[in-house]
Amino acid sequence: MKAAVLVFPGSNCDRDMAVALRKSGADVTMVWHKETSLPEGLDVVGVPGGFSYGDYLRCGAIAANSPITRALKAHVERGGYAFGICNGFQVLTEAGLLPGALLRNAGLKYICKTTPLEVATTNSAYTADYTLGQTIGVPIAHHDGNFTADEATLDLLEAEDRVAFRYGDNPNGSARNIAGILSENRRVLGMMPHPERAFEAAHGNEDGKAFFSSLVSAVVPA
Amino acid sequence: MTDPKITDDLIAAHGLNGEEYARILEIMGREPTYTELGIFSAMWNEHCSYKSSKKHLRGLPVDGPQVICGPGENAGIVDIGDGQCVVFKMESHNHPSYIEPYQGAATGVGGILRDVFTMGARPIAAMNSLSFGVKEHHKTKQLVHGVVEGVGGYGNCFGVPTVGGEVRFHSAYNGNCLVNAFAAGLADTDKIFYSAASGVGMPVVYLGAKTGRDGVGGATMASAEFDDTIEEKRPTVQVGDPFTEKRLMEATLELMATGAVISIQDMGAAGLTCSAVEMGDKGKLGVRLDLENVPQRELNMTAYEMMLSESQERMLMVLKPELEAEARAVFEKWDLDFAIVGETLEEDRFLIMHNGEVKGDLPLSTLASSAPEYDRPWVPTPAAEPLADVPSIDPIDGLKALLASPNYANKSWVYEQYDSQVMGDTVRTPGLGAGVIRVHDTPKMLAFTSDVTPRYVKANPVEGGKQAVAEAYRNLTAVGAKPLATTDNLNFGNPEKPEIMGQFVGALQGIGEAVKFLDMPIVSGNVSLYNETDGVGILPTPTIGAVGLIANEDELIAGLANDGDLAVVIGGTGTHLGQSALLAEVFNREDGDAPHVDLALEQLNGEFLKANRSLINAATDLSDGGLALAAFELADKAGLGLTLDSGDTAELFGEDQARYLVACSFDQAEALMVAAGQAGVTLTTVGKFGGDTVKLGGSDAPLATLSAVFNGTFAETFA
């Protein structure tokens with residue numbers, strides 16, 4: 001599987017995402033935000049966590065208008081896979097590649113802790129190796145992870161089985177406990193929790209490993 | 001714009017006394033210009049010159065085979081094998097944080113991170129030691145929120161995991177909180193960068209963010225006591241931009257890889273002045289600056305303002321001229337300023353030009369080396385009065401009182417606001433004992449802790465100083481690490497008072513003895529004096545930050561107690577209640593002596609623990625709160641009940657040193673007993689883990705009740 005990880009100024013989980021992809025067997029290229037095209041023959045694009053452009057203005061808003069994001073949109077329009085974790089999820093919503101928005105946490109504080117997640121669908125390239133309804137522990141680390149969308153959008157996400165993960169203890173006030181969602185074609189995923197931080201024994205928790213193994217085995221090499 | 005005339009009032013406003021000004025006249029042979037006066041003030045204030053502390057710092061042990069670079073550079077450097085090293089330092093940002101908590105704490109974190117990556121190291125871990133006034137004080141809640149958000153706001157955005165620290169509350173900090181920030185980075189031993197310039201006529205390059213008027217005179221402010229004019233000092237606090245710092249770090253590390261850097265120095269306290277003087281003095285060269293080329297954020301900035309600005313996220317570098325294009329390209333990639341602002345000179349001269357006009361012309365080496373040095377009078381701290389009788393107390397009530405105090409309650413409200421896992425190498429997150437970070441792509445790990453018990457230091461500076469080091473040693477040992485080295489952040493009151501100076505001298509003596517015996521040399525540090533408000537000093541608080549090395553996962557101790565495990569104490573029974581947490585929290589008393597520290601016993605018991613790690617499921621050191629608090633913390637973390645056989649107050653709450661509590665199975669405990677007999681170590685089975693009740697002697701309470709208190713106190717007090 002050929003993957004790219006986008007690097008915006010202020011991204012700080014880019015290396016972590018690349019490590020998890022590489023250790024899962026992907027061939028990973030880091031792509032700088034000023035680039036206007038993605039590498040040839042790419043299967044999947046990862047948008048990492050961090051504080052792109054300092055998260056000034058609004059989290060992910062400036063990155064959504066970065067040169068490389070235009071290439072990302074073209075990749076998605078062609079039916080390519082893309083996923084965003086944490087700040088990456090915020091970028092994908094700001095870019096209009098996923099519905100909804102991420103507001104400030106309900107408690108108004110930044111939260112970093114391992115939180116229980118329910119796997120809400122296994123019908124995706126990202127979640128196929130989990131069991132439906134399985135509870136996994138995955139760290140969150142964000143100030144603005146409170147997912148919101150209008151009622152019709154939320155209903156549609158649920159009706160189309162596009163909620164990927166739900167919080168067990170809703171730490172940030174997200175609508176309908178939503179922690180991660182899929183696009184209509186199920187190939188674009190955004191989630192606030194960090195599966196790359198629960199990836200190997202040294203993390204004390206390997207619940208995030210199946211996220212990457214699902215992806216690598218689901219994506220047919222180009 | 002004309003510069004103001006030099007008057008007695010202007011000299012005093014620069015924090016310079018008559019004697020110091022006479023010395024300036026002698027050095028210059030004429031009246032200084034306004035800019036020159038500002039430069040002397042910046043170089044000679046307590047914060048930059050260490051004029052009261054230097055004499056006593058010289059005696060500290062700073063050497064060892066593991067030390068690559070000791071105090072004097074931006075941070076200390078310690079060898080961790082395989083061509084790698086850890087670069088670390090701790091520094092205070094106390095006064096700015098009290099005036100403007102968010103930005104004060106944020107820029108404290110920014111400053112210490114810059115110290116680390118200036119040397120070529122990528123920051124991999126941060127900690128912070130925070131001391132606040134009591135919860136009832138009207139400022140405390142606002143300070144706690146502001147400081148914690150500032151620390152998190154900066155570190156989280158920058159992308160460094162915060163893996164440890166301390167938070168304490170005491171009325172002595174009501175008017176003067178302490179914010180001590182620690183950072184550690186990782187570098188290759190053959191790619192370390194220093195500040196000494198070399199070569200004549202080499203370009204001096206300004207890197208990073210633009211210069212504004214923020215922080216003008218900050219270091220001078222930080223060297224004075226507070227009074228009721230504090231609000232007027234708000235403009236002296238700098239404003240941080242972690243996004244720029246992150247880019248500056250990436251750009252600096254990329255720049256270093258191009259080979260273009262001859263020497264480099266971050267702009268911290270007293271900004272352009274200190275960094276230029278430091279680079280010139282260490283390289284035995286002069287420096288000329290052309291200030292019109294300094295990237296400026298505001299219009300019409302004067303030479304005085306530019307030389308004294310403490311705008312953040314800036315560096316100064318001496319560049320190999322033939323690699324200018326490569327170096328410039330790196331900074332353009334990251335959209336940061338890159339400007340040649342001067343050059344190195346052969347003669348010993350600090351020449352400051354602005355639009356063709358000489359604004360300052362000083363002898364550089366004299367400026368660097370001639371700061372006053374004081375041998376301040378000091379008196380030894382009198383021996384503590386013996387401890388008065390301690391009334392007996394129901395042990396569960398005693399434990400509950402500790403759990404209900406923000407000093408001893410679970411601090412997750414604080415550390416969950418810090419990203420503890422970014423970079424994907426965090427092995428042990430904050431909460432109990434040392435934090436552990438894996439050295440990326442290796443089996444090695446580094447452990448980090450910060451410790452001091454200010455009550456002990458006040459009662460007995462020498463033993464208190466020793467104890468701070470001993471506790472750091474134990475916290476590292478309890479996760480299986482070999483302690484490597486130490487950074488000290490020495491926070492004290494007004495050094496012009498002999499009794500305060502006596503605390504300083506005594507604490508340094510104790511710290512020195514302990515780091516020497518335990519082979520944890522001091523490789524970096526910072527002194528913060530004048531921590532007083534309206535004449536009331538803080539508790540003497542020499543914070544010890546320490547780093548340890550874990551060779552591989554077999555050496556790591558990071559497990560939880562199991563149901564049915566025995567609770568075993570390495571190192572004897574509790575007896576010492578003087579200056580204990582129990583006395584302070586339950587009886588509102590701070591009397592008696594600090595516990596005695598037996599360094600040989602510390603080493604014996606510490607080495608024993610590590611040698612027998614295979615027999616231990618979970619470990620923690622015993623410190624304030626004694627056996628009862630440590631055992632409860634291990635039990636709460638594992639979600640298990642606890643039985644301690646003794647109900648004796650001193651046995652449960654005594655704070656005798658050189659002790660650990662470990663959890664092990666019956667079979668492991670048998671083997672540990674045999675090993676202890678051979679090693680001459682005192683080992684006592686004091687109870688067991690399991691069930692859902694906490695029993696201390698004849699008294700008990702449901703675990704759930706106590707855990708609710710322990711885990712709820714902090715948020716209830718401050719949210």
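**Figure 1. Helix α3 of chain A, a mostly covered helix.** In this predicted model, helix α3 of chain A spans residues 87–94. Seven of its eight residues are buried. A residue counts as buried when its relative accessible area is under 20%. The buried residues of α3(A) begin with A:N87, A:G88, A:F89 and A:Q90 in the list, which also includes A:V91, A:L92 and A:T93. After α3(A) comes A:G96. The phi of A:G96 is positive, near 80°.

**Figure 2. Two asparagines with positive phi in one loop of chain A.** The loop between β9 (163–167) and β10 (178–182) of chain A holds A:N170. A:N177 also lies in the loop between β9 and β10 of chain A. Look at the backbone of each. A:N170 has a phi near 25°, a positive value in a residue other than glycine. For A:N177, phi is positive too, about 60°, and again the residue is not a glycine. How exposed are their side chains to the surroundings? A:N170 has 22% relative accessibility, so A:N170 counts as partly exposed. A:N177 has 32% relative accessibility, so A:N177 also counts as partly exposed.

**Figure 3. The contact between chain A and chain B.** Chain A brings 26 residues to the contact, and chain B brings 30 residues. Between them, the two chains bury about 2,300 Å². Carbon and sulfur atoms account for 52% of that area. Which three residues supply more than any other three of the area that chain A buries against chain B? They are A:R15, A:K109 and A:Y110, which supply 25% of it.

**Figure 4. Helices α7 and α10 of chain B, packed together.** Helix α7 covers residues 101–117 of chain B, and helix α10 covers residues 242–258 of chain B. Their axes are 11 Å apart and meet at an angle of about 5°. Angles under 35 degrees count as roughly parallel, and α7(B) and α10(B) are therefore roughly parallel to each other. From α7(B), the contact uses B:G110, B:L113, B:R114 and B:F117. From α10(B), the contact uses B:E245, B:L248, B:M249, B:T252, B:L253 and B:M256. What kinds of residues make up the contact of α7(B) with α10(B)? Six are nonpolar, two are polar and two are charged.

Figure 5. B:E463 is found in helix α18 of chain B, which runs over residues 461–477. Is B:E463 buried or exposed? Its relative accessibility is 11%, so B:E463 counts as buried. Leaving aside residues up to four places away in sequence, B:E463 touches B:P595, B:H596 and B:V597.

Figure 6. An unreviewed UniProt entry places "domain: PurM-like N-terminal" at residues 72–186 and 434–550 of chain B. Residues 72–186 of chain B are 37% helix and 36% strand, with end C-alpha atoms 19 Å apart. Residues 434–550 of chain B are 37% helix and 36% strand, with end C-alpha atoms 12 Å apart. UniProt, in an unreviewed entry, also lists "domain: PurM-like C-terminal" at residues 200–350 and 563–692 of chain B. Over residues 563–692, chain B is 39% helix and 18% strand. The end C-alpha atoms of that span are 10 Å apart.

Key
Residues are numbered from 1 along each chain as its sequence is written. Chains are lettered from A and ligands numbered from 1 in the order in which they are written. This is a predicted model: local features need pLDDT of at least 70, side-chain atom pairs count only at pLDDT 80 or more; totals for chains, interfaces and linings use all residues. Side-chain values use heavy atoms; hydrogens and water are left out. Axes are lines fitted to C-alpha atoms, for helices over the stretch in contact, and angles run from 0 to 180 degrees between N-to-C directions. Helices (H or I, at least four residues) and strands (E, at least two) are DSSP runs, numbered from the N terminus. Angles under 35 degrees count as roughly parallel, over 145 as roughly antiparallel, 65 to 115 as roughly perpendicular and the rest as oblique. Contact means heavy atoms within 4.5 Å. Ala, Val, Leu, Ile, Met, Phe, Trp, Tyr, Cys and Pro count as nonpolar, Asp, Glu, Lys and Arg as charged, and the others, Gly among them, as polar. UniProt positions are given in the numbering used here, feature names are shortened, and annotations may be inferred rather than shown by experiment. Buried means under 20% relative accessible area, exposed over 50%, partly exposed in between (1.4 Å probe, protein chains only). Buried area is the accessible area (1.4 Å probe) that two parts lose on being put together, summed over both.
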